[in-house]
Amino acid sequence: MVIAATELDIPDLSWIDEPDATVDQRREASSSAAEESWIARNMFGYSILHYDDVVAMLRDRRWHSASGKIIEMSGVDDPEWLARSRRRPSILSAEGDEHTRLRRLVGPAFSPRHADALRPYMREVVDELLDGFTERSEADLVADFCEHYPIPIICELFGAPKEDWELFSGWATDIFRIFNGNLAEDKHLIITAQDELDAYVGELIEQRRSTPSDDLISALLAAEEEGDRLTHSELVMLCEAVLMAGTDTTRNQLGCSVALFTHHPDQWRLLGEQPELAPRAVEETMRYFGTVRGTARFASEDIEYRDILFPAGTFIAPSLAQANRDPEVFGEPGTFDITRDPPDKPQLTFGAGIHYCLGAALARAEQQEALAIMSERLPDLELAGEITWKPATVGIFGPDVLPIRFTPTPSVGSSD
Ligand code: HEM
């Protein structure tokens, strides 16, 4: 018998979306709800709490990405901005044939082979950033490392010159304000950053059209499948998606991962001694403490799932964080162990289904290189004070301030 979702007798997690609920409180409440049920009520609709259901619902094409609805859901009623956001399609909110076509065209440019080609450059950036503070005995890992790390790599990917790093960094920060819950206040900054980035990328595209190079934009310009090509506005949209999706995620994941290691110094030392563990360490840190804790979908039509009717328009929040602690999939899920045998099913911090992270290979390579080098160069890294965390409601969670201390070492770039 099919039952309406509204009639379900399930745990209520609505309060965890309140701004003052901490991540620990949210985690505890979600875990105890997950022991009772695979689904719970939340402020916007329903949280999905078990691994198999999260994957099944993310793979079900009737559930559409809610990323294009953020502005509407945040209560913005400014018609000009609503119209503008509808005019700016994004791969994150595209569905059906439109999405399949985009992924087919851009997929090859984001292969593991392309990501691996950037590893030597990633190592250079990591060493250079570490050289900036290893001669001191203390640092703020966020301000001194995480904030900067992804930008030169995205610039290298785009083939943008070094002197433009600051511009990219500023645009990424401002465009990301869209997820911070202060839309009315931040509107002007967000729109200005989007317009400036559009103009900048537009110019890069024109340059690469006349002089192709060895970068992402040239690869996207050349991308062609059965006579189909990306249009100019699709190229601009993709570059913006990469800048947005590829910077704050990487920064914050690294912050979460190092913060986690400060509570597990043995595992940190082990990684420093055995850098070949880096790929496993990245999967385990992302499983145990992922920066993207959940995503959102809405029902594009009436959907029946597990004998429950979700009417068209229903919102769900598949909890990647909770699924990553599902004891049916990960033995002893509350144990952090970088030597854990690779599980049969992957950790879900990169999502699942058609919107699975396009930059996963690049993000994995970035994290692997950074963690391996950092743990080797700063083997006795420890917390030097309290961590300041972002508000638990942000879409991409992580530390704002991560004070660390360590035995000073000379920079590897120095001659003595
Ligand atoms: C640790 C770092 C990262 C994490 C945790 C992460 C996580 C995610 C997640 C969870 C999604 C799916 C969202 C959803 O289903 O609603 C996603 C999509 C996406 N990611 Fe990442 N990401 C990371 C790094 C990157 C990087 C480095 C890039 C680009 C170079 C990137 C580009 C994208 C794009 C373009 C999409 C949209 C794909 C689509 O809709 O088809 N991400 N990411």
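## Exercises: the ligand shell and the chain around it

In this model, 28 residues surround the ligand, and the closest are His99, Thr295, Arg297, His355 and Cys357; a residue is near the ligand if one of its heavy atoms lies within 4 Å of it. The model is predicted, so to speak with care: local features need pLDDT of at least 70, side-chain atom pairs count only at pLDDT 80 or more, and totals for chains, interfaces and linings use all residues. Residues are numbered from 1 along each chain as its sequence is written, and side-chain values use heavy atoms, with hydrogens and water left out.

**Exercise 1.** Find the distances from ligand oxygen atoms to polar side-chain atoms of His99, Arg103 and His355.

*Solution.* 
- Start with His99: a polar atom of its side chain is 2.7 Å from a ligand oxygen.
- Next, an N or O atom in the Arg103 side chain also sits 2.7 Å from an oxygen of the ligand.
- Finally, for His355 the distance is 2.6 Å.

**Exercise 2.** Sort the shell around the ligand by class.

*Solution.* 
- Set the classes: Ala, Val, Leu, Ile, Met, Phe, Trp, Tyr, Cys and Pro are nonpolar, Asp, Glu, Lys and Arg are charged, and the others, Gly among them, are polar.
- The count then gives 13 nonpolar, 12 polar and three charged residues.

Methods: Polar contact = N/O pair within 3.5 Å; in protein donor to acceptor, adjacent residues only side chain to side chain.
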